Every structure is written in C-alpha cells, then in structure tokens.
Amino acid sequence: MKTLRTEVAVIGAGTAGMTAYRAATTGGKKTLLIESNVYGTTCARVGCMPSKLLIAAAEAAHALHAAPAFGVHPGQVRIDGKAVMARVRSERDRFVGFVVESVDGYPAEDKIHGHARFLSATQLQIDDHTLIEAERFVIATGSTPIVPDEWRAAGPRVITSDDVFYWDDLPASIAVAGTGVIGLELGQALARLGVRVTVFGRGGSVAQLSDPDVLDVARRAMADELDVRFKTKVVRVVQEGDGLAVTSEDGDGVQRTEQFSYLLSAIGRRPNVHKLGLENTGLERDHHGIPLYDQQTMQCGSSPIFIAGDADNERPQLPEAADQGRIAGDNAARYPAVQPGLRRTPLTIAFTEPQIATLGASYEELCASYAGRFSVGKVSFENQGRSRVMLQNKGMLRVYAEHATGRFLGAEMIGPRAEHIGHLLSWACQAGLTVSAMLDMPFYHPVVEEGVRTALRDLAHQLATAPAYDCGCIDCTPAP
C-alpha cells in the first residue's frame, strides 16, 4: 500500500467536490480529488439534465394534445419511445462529456480512484491500495436514492430515478412512490408520453410546498392530469411475470393490488456518509450520522474537516452544492482562519406543469419563527390575463412580508412561468427589498408577472392593516 501526503483531500468528484477542489487549489494548497465511481455529476448523468430532456419530450407531446383547444387540430400523434429515450441518452452523454472533459483537465497525480474511509482525523484509506495523510478534508460524497429492502427484494423492476435514464424504450406502465419533486416530474412526463402512471403519496405533500392554500391548489392541479393517490402507501411489492404486483393501502385501510411494469422509488435520497468511517474522526454527528457543521463556513465543529453538497442533507440542489463546495474548498485552503461564505436565498423549482417554486423563507418556517409578525398576499392564476391566453391558467402565488419593515421574506407558488417568477422574487428577497420597492418596479402588459404585482398589492394592503407588534427584545436604550 502506498502512502500519499497532501494538504487538502476532497472526497467525491460531483458538483460540490469539483468546486471544492478548484477552490482549494486556487487557494494555493496541494489537493487530491478522490472518487469511487465514474466521473460526471449527478445532475448531468441522472439528475437535472436528463430529467429535463424527458420533460421536454413530454411537453412536445402535450402541446399536440392541447392544440385543439386553440382551434388547431394536428394529425394522429405517435410517440416513438425508442427515439425519445435515444435523444435523452445522447444529449445526457453530451452533458456528461463536458463534466468528464473538465475532470480530464485536472493533473493526473491529483486524482485518486477508490472508496475513501477515515482511519483517523488525519488519515484516509482508499480501498486497499493507498493511504492518504492530509491536513484538511472536504466531504462531498453526495447522496443515493432510498429503496426499502422489502421493495428491492422484488427484483430489478424496482428502480430509482437513476435507472430511468438508461432505458432503451418507454415502458407500458409504472407506479411511482413519492410526491416529491422527482416523483412528480418523472411521473407527469412519462404519463404525457403515453405511459400508464400511478403516483402514490404517503401524505398530502406536493414537491417542496408547505403553504396550505398553495398545497390545496397544487393537489387539485396534479390530480387533474395524473392518477395521484394522496394518503396512500405502498405496502407490498411482488414480482409477477415480466412486471410487478403492487399493493397499496389508503387512509381508510383499504388495500388494492395492481400490475405495473416498474415501481419507481422516489421517496427521498440518503446522504452517502455511512461508510466513511466518520466514527474514527471524533466529529459530533446528528441522528442521521451527518457531522454537525456551520452552514456559513461548512466547517464540521472546530475541525479541519468540511462538508458540502448532498452529503450534508441541507439543500440538495446543484446551485447549493456549487456554493457549498466553493465555501468548503476556500476554508479548507485558509484553515484555521475560516470565514463565512456567500449563502444565497433558497430557491427550489419543480419542473412540473404547472411549475412549482419556493423561495426565501417558507410558510412553515415563518409560522415557526415569525408567528404574528408577517403578512400574506396572494393571487390566483385562474383569471390572470396572460395565463388564460396561454390556457395555462392554473395555480396560486402566496407572498410573505415582515410587519415592522415591509421587507419581502419569501413566497410559494404553483403556476405558469414559475421558474422565472421564482428567480425574480428570490433576487428581490436577497436584495432585501420591501414590498413597496418591489411595486415600484416595471411590469409590462400582458405578462404573467402582472400576477406577481396583484399578489404584492394584496400583500401591501395586508401590511397596511396588520396589527401593531410589540418587539420582544430587551430595552437597552440609555435611561432618561
């Protein structure tokens, strides 16, 4: 076994790991990048990009089905599943190629292949071939889709989202367990491409929404098109012929068994921290086994170990992984003089139709931390002008602001153009704008963003009529 000595060791070569590697080397430190799997980020290989390729094909098919409502009548629609998946794989491989090309540009001596495990707070063992002694570490090991053991026992027809993008053809049917972003995006896309889809949700959640009014609208919007069964859980999966027998149970305890070609487990992802030997580092960890860390510096305790990306289970999105990786790499290079890095306003988007976006503080967070101190404004997109023109008039936007200052705090929405509205509102939130300042901004006509103005006007009215709030802080002003 050979021994290597370095200043920084980065474990994982995904978005967070590559960004951390570049930041640490830019900081002037000798850095090793360790990867146990193939190069190419989750986003490029099995995440953001291939899912959007599938969604784009689904949108094209849906546009043809929706055309008669405009008086446009296309001919018979034929979906070539093999051609759809061929394009998904081809373009996916192109995106992966860009990532691999980037990694190929790193010096060969900086790249180590194999599974890393901590032997101590200063040592890593890579498989059975290399011992690495380092001064600082960045954990960027990503996450893995969760599949319950009892489901996995039913065989290879129980899959995760990773497997979808290696299909050669579209299946006849699929059951989707989970009403989060992944389950709804893929479930709706496959349904629009002619696959028989049933989505099971243990509760009533829809993607990342927490606002009860927006959730109610979202449930109806999803159920209008998809066979979505809320408060229904998958209780048994058995291989049956070339497919699966899936038994579900609703909230009343009524069970139902149906046949599907596949079961897609989209019930969440688990951070890849359990085989890292973290027990040998002395780090304090939470009940999930994730090291406790500072969200502004990404430092684990006061140690020279940092964590970034999906491994920390905070905000599992590519932009967040890149930001966290940059902060972790910067601070690994400058340790012990760590500094807070830029953490941007939270923004999450589900590319369903209608699209779903949340940004800033969520309704649930505000109810916990700002109870009695924030107002809510809203708009329905059912009668919003441009939305009706496009026949995309479904959804609701709810916006939140602080009583005392009128500062915009966040929003939750389902509706048309949510990916763009989400960006505009997150920028306003990060800039610390007040509602009145936002209403001073230009709004063209006719655009969907006029709905944002309607919601902000409602919010301004709510702020104007909000009850006075007595600050609970201690009076530390000088005595008279």
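I shall begin with the protein as a whole and then turn to individual residues.

Please keep in mind that this is a predicted model, in which local features need pLDDT of at least 70 and side-chain atom pairs count only at pLDDT 80 or more, while totals for chains, interfaces and linings use all residues. Residues are numbered from 1 along each chain as its sequence is written, and side-chain values use heavy atoms, with hydrogens and water left out.

Let me start with the overall picture. The protein contains 14 helices and 22 strands; helices (H or I, at least four residues) and strands (E, at least two) are DSSP runs, numbered from the N terminus. Its radius of gyration is 25 Å, close to the 23 Å given by the globule rule for 480 residues, so the protein is as compact as a globular protein of that length. That radius is taken over C-alpha atoms, and the globule rule is 2.2 Å times the number of residues to the power 0.38. Along the principal axes, the C-alpha trace spans about 85 × 70 × 45 Å.

How much of the protein counts as buried? The share is 49% of the 480 residues, where buried means under 20% relative accessible area, exposed means over 50%, and partly exposed lies in between (1.4 Å probe, protein chains only). The accessible surface comes to about 22500 Å², and 51% of that belongs to carbon and sulfur atoms. These areas come from the Shrake-Rupley method with a 1.4 Å probe, and for residues only the protein chains shown count as cover.

Contacts, meaning heavy atoms within 4.5 Å, can be sorted by separation in sequence. Among those between residues at least 6 apart, 64% join residues at least 24 apart. As for charge, there are 47 positive and 56 negative side chains, and the centres of the two sets lie 2 Å apart. Here Lys and Arg count as positive and Asp and Glu as negative, while His and the chain ends are not counted; the place of a charge is taken as NZ of Lys, CZ of Arg, CG of Asp or CD of Glu.

I now turn to some buried residues. Thr6 belongs to strand β1, residues 2-11. Thr6 is buried, with a relative accessible area of 7%. Which backbone oxygen does the side chain of Thr6 reach? It is that of Lys30, at 2.8 Å. Beyond its neighbours within four places in sequence, Thr6 is in contact with residues including Thr31, Leu32, Ile132 and Ala134.

Val164 lies in helix α6, residues 161-164, and is buried at a relative accessible area of 0%. With neighbours within four places left aside, the contacts of Val164 are Leu54, Met85, Ile159, Leu186 and Leu264. Of these, Met85 is 79 residues away from Val164 in sequence, yet the two are 9.3 Å apart in space, C-alpha to C-alpha.

Arg92 has its place in helix α4, residues 81-104. Is Arg92 buried or exposed? At 3% relative accessibility, Arg92 counts as buried. Among its contacts beyond four places in sequence are Ala44, Pro50, Leu53, Phe165 and Tyr166.

Next come the loops. Gly142 sits between β6 (130-139) and β7 (143-145). Apart from residues up to four places away in sequence, Gly142 touches Pro271, Asn272, Asp310 and Ala311. Gly142 and Pro316 are 174 residues apart in sequence, and their C-alpha atoms are 9.0 Å apart in space.

Two peptide bonds deserve mention. The bond from Glu353 to Pro354 is cis, with omega near 0°, and Pro354 is found in the loop between β18 (347-350) and β19 (355-360). The bond from His445 to Pro446 is also cis, with omega near 0°; Pro446 lies in the loop between α13 (435-439) and α14 (450-464).

Which backbone angle is positive in Asp127, although it is not a glycine? It is phi, at about 45°. Asp127 lies in the loop between β5 (123-126) and β6, and at 39% relative accessibility it counts as partly exposed. Arg417, likewise a residue other than glycine, has a positive phi near 60°. Arg417 is found in the loop between β22 (408-415) and α12 (418-430), and it counts as partly exposed at 34% relative accessibility.

I finish with Pro319, which is in helix α9, residues 318-334. Pro319 counts as exposed, at 52% relative accessibility.

Conventions. Polar contact = N/O pair within 3.5 Å; in protein donor to acceptor, adjacent residues only side chain to side chain.
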